[in-house]
Amino acid sequence: MNRALAPLVRRSVVATRASQSSLRGGATPPVPPFARAPAPTEKLVENSDAVWDDGVAPELAFDFDCQHISSQEGLAWWLGGIGFFTSVYQFVKSTDPESMNPAVNRKMNMVVEMPRPLVQEDA
């Protein structure tokens with residue numbers, strides 16, 4: 001008889017523990033591995049808009065991580081990207097996608113009322 005009641009007792013103990021932990025609010029969130037920066041006590045400088053300050057560690061909003069890439073190379077990559085997307089746009093535009101649309105054109109979308117049929121009176 002003990003073996004027959006053992007699964008029921010285990011289930012009730014697990015359910016009781018689960019409801020007790022939910023009543024206490026559950027686990028607390030983990031402690032962050034960093035120390036927060038203190039709130040500023042002085043007036044901010046004029047060009048502080050270039051500083052990203054999330055309360056942890058202020059840093060410049062501009063990334064200077066790629067110092068090995070020259071300005072000319074960066075400009076070449078940027079112009080190459082703009083040129084690529086411009087050429088894709090021009091190619092799609094040259095295929096005339098509006099003519100391939102199976103839906104009715106907006107110019108043809110007009111509402112016409114049907115003429116009312118003549119009502120014949122039975123006399």
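**A first look at the chain**

Read along its sequence, the protein chain runs α-β-β-α. That is two helices and two strands. Both are DSSP runs numbered from the N terminus: helices are H or I with at least four residues, strands are E with at least two.

A word on the source. This is a predicted model, with residues numbered from 1 along each chain as its sequence is written. Local features need pLDDT of at least 70, side-chain atom pairs count only at pLDDT 80 or more, totals for chains, interfaces and linings use all residues, and side-chain values use heavy atoms, with hydrogens and water left out.

Now the surface. The chain has 123 residues, and 1% of them count as buried. Buried means under 20% relative accessible area, exposed over 50%, partly exposed in between (1.4 Å probe, protein chains only). The accessible surface comes to about 12900 Å² by the Shrake-Rupley method with a 1.4 Å probe. Carbon and sulfur atoms hold 61% of that surface.

Next, helix α2. This helix covers residues 71-94 and includes Val 92. Val 92 is partly exposed, because its relative accessible area is 40%.

Last, the largest pocket. How much space lies in it? About 180 Å³. A pocket here is an open set of points on a 1 Å grid over the protein atoms alone, with protein on both sides within 12 Å along at least five of seven lines; lining residues have an atom within 4 Å of a point. Pro 38, Pro 40, Leu 44, Val 45, Ser 48, Val 51, Asp 53 and Pro 58 line the largest pocket.

Definitions and conventions. On a 1 Å grid over the protein atoms alone, a cavity is a set of points where a 1.4 Å probe fits but cannot get out, and a pocket is an open set with protein on both sides within 12 Å along at least five of seven lines; lining residues have an atom within 4 Å of a point. Grid points are joined across faces, edges and corners, and a volume is the space filled by probe spheres set on the points.
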